[in-house]
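Have the viewer open as you read.

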Amino acid sequence: MASTREIRRRIRSAKNISQITRAMEMVAASRMKRATQMVVAGRPYSQKLVEVIQNLSRRINSTEGEELSPLLVSRPVKQVTAIVLTADKGLAGALNTNVLRRTTRFILEEAGAPVNIVAIGRKGRDFMLRYGRPLIADFTNIGDRPTLADIRPIARVATDEFISGRTDAVYLVYSDFINTLLQRPHVYQLLPIDVNLMGGAGDQPGENVAVEGGAEAEYEYEPGTREVLGQLLPRYVEVRIYQALLEHLASEHSSRMVAMRNATENAKEMISDLTLSYNKLRQANITSEIIEVSSGAQALTG
């Protein structure tokens, strides 16, 4: 049985841990709020971009002599690239484990072809290297406030792999932020772009963005529909990766906040249990000492 000194040491350690986890919970809550604000702020731009691309693609399909952009052309899938988003750090509950488990299921059961990996985040990179998955590129230390400039190298790798023919399909695997308590791993086909299944920021996968008022908007494009579409499609790839990264960041901070809250509550419960054990042991020691004193006094008087 532990001594009172040992129990006091464990109580102090639990109190120190609870203070650390409480501070980490507050930091994660602040970062989660900022990440969700960034997600909401980017939705109008993404939705309008999807609407314009859909309008352009319909015009090109209905115009003779116009060629589709290479990013829209489907071909038999012989090689797949998966862009996997994970965190650089741990202590985020089951977030990274769920994303990596979903990635493994996609590779083994759903891809239907060999899969190369583009890892965003140290946890995903280390996992793929540990299990010998082919890694094309990895990106770490992007930070909590990413910009489109941070995303362009990732989008360039994806588009170059697809246009060059080294891969026939590119998928995003990330954690979709549903709410504070629910983050769901999700697989999204990034390339080739299917204009009928394009999801804007904040839309559910596979949802088509409707035009306001229920009528098709008419636009005039200069210098031409094919040229404008050719410029917008790479921007769409960047925006879609950017949105997935924001969703992942919100999920990461939310999961870390919940994990640290649970850790703080567990530390408090441990402190309560240790305090009770300490008081019981202390009372037992005092009772034992009283009995010894009483027995010694009785022996002397006897």
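## Starting from Ile83

Setting aside neighbours within four places in sequence, Ile83 makes contact with Val118, Ile120, Ile154, Ala158, Val170, Tyr171, Leu172, Val173, Leu190 and Ile241 (contact means heavy atoms within 4.5 Å). Keep in mind that this is a predicted model: local features need pLDDT of at least 70, side-chain atom pairs count only at pLDDT 80 or more, and totals for chains, interfaces and linings use all residues. Residues are numbered from 1 along each chain as its sequence is written, and side-chain values use heavy atoms, with hydrogens and water left out.

## The cores

Ile83 also shows up in the largest nonpolar core, which has 44 residues; together with Leu172 and Ile241, Ile83 touches the most other members. A nonpolar core here is a set of buried Ala, Val, Leu, Ile, Met, Phe, Trp, Tyr and Cys residues joined through side-chain atoms within 4.5 Å. Buried means under 20% relative accessible area, exposed means over 50%, and partly exposed is in between (1.4 Å probe, protein chains only). At least two residues of this core come from each of H1 (4-61), S1 (80-85), S2 (115-120), S3 (135-139), H4 (148-163), S4 (169-179), S5 (182-191) and H5 (225-301). H5 gives the most, with 14 residues.

Apart from that core lies another one of 18 residues, including Ala82, Phe106, Ala113 and Ala119.

## Sheet and helices

The chain has five helices and five strands, in the order α-β-α-β-α-β-α-β-β-α from the N terminus. Those elements are DSSP runs numbered from the N terminus: helices are H or I with at least four residues, strands are E with at least two. The strands form an open sheet, ordered S3-S2-S1-S4-S5 with mixed pairing; two strands pair if DSSP finds at least two bridges between them. S3 and S5 each have a single partner strand, so one side of each edge strand is left without a neighbour in the sheet. From one strand to the next, the twist averages 20°.

Zooming in, S2 and S3 pair in the parallel sense over four bridges, and Ala119 stands opposite Asp138 in S3. Helix H3 (residues 122-130) lies across S1, S2 and S3, and runs at about 155° to S3. H5 packs on the sheet too, touching S1, S4 and S5, with its direction making about 40° with that of S4. For these angles, axes are lines fitted to C-alpha atoms (for helices, over the stretch in contact), and values run from 0 to 180 degrees between N-to-C directions.

Where is the cis peptide bond? It joins Leu191 and Pro192, with omega about -5°, and Pro192 sits in the loop between S5 and H5.

Leu91, in the loop between S1 and helix H2 (95-110), has a phi near 60°, a positive value in a residue other than glycine. Leu91 is exposed, at 55% relative accessible area. Asn141, in the loop between S3 and H4, has a positive phi as well, near 55°. Asn141 counts as exposed at 56% relative accessibility.

## Whole-chain numbers

Of the 302 residues in the chain, 42% are buried. Among contacts with a separation of 6 or more, 76% are between residues 24 or more positions apart. The chain exposes about 16500 Å², with carbon and sulfur atoms supplying 51% of it (Shrake-Rupley method, 1.4 Å probe; for residues, only the protein chains shown count as cover).
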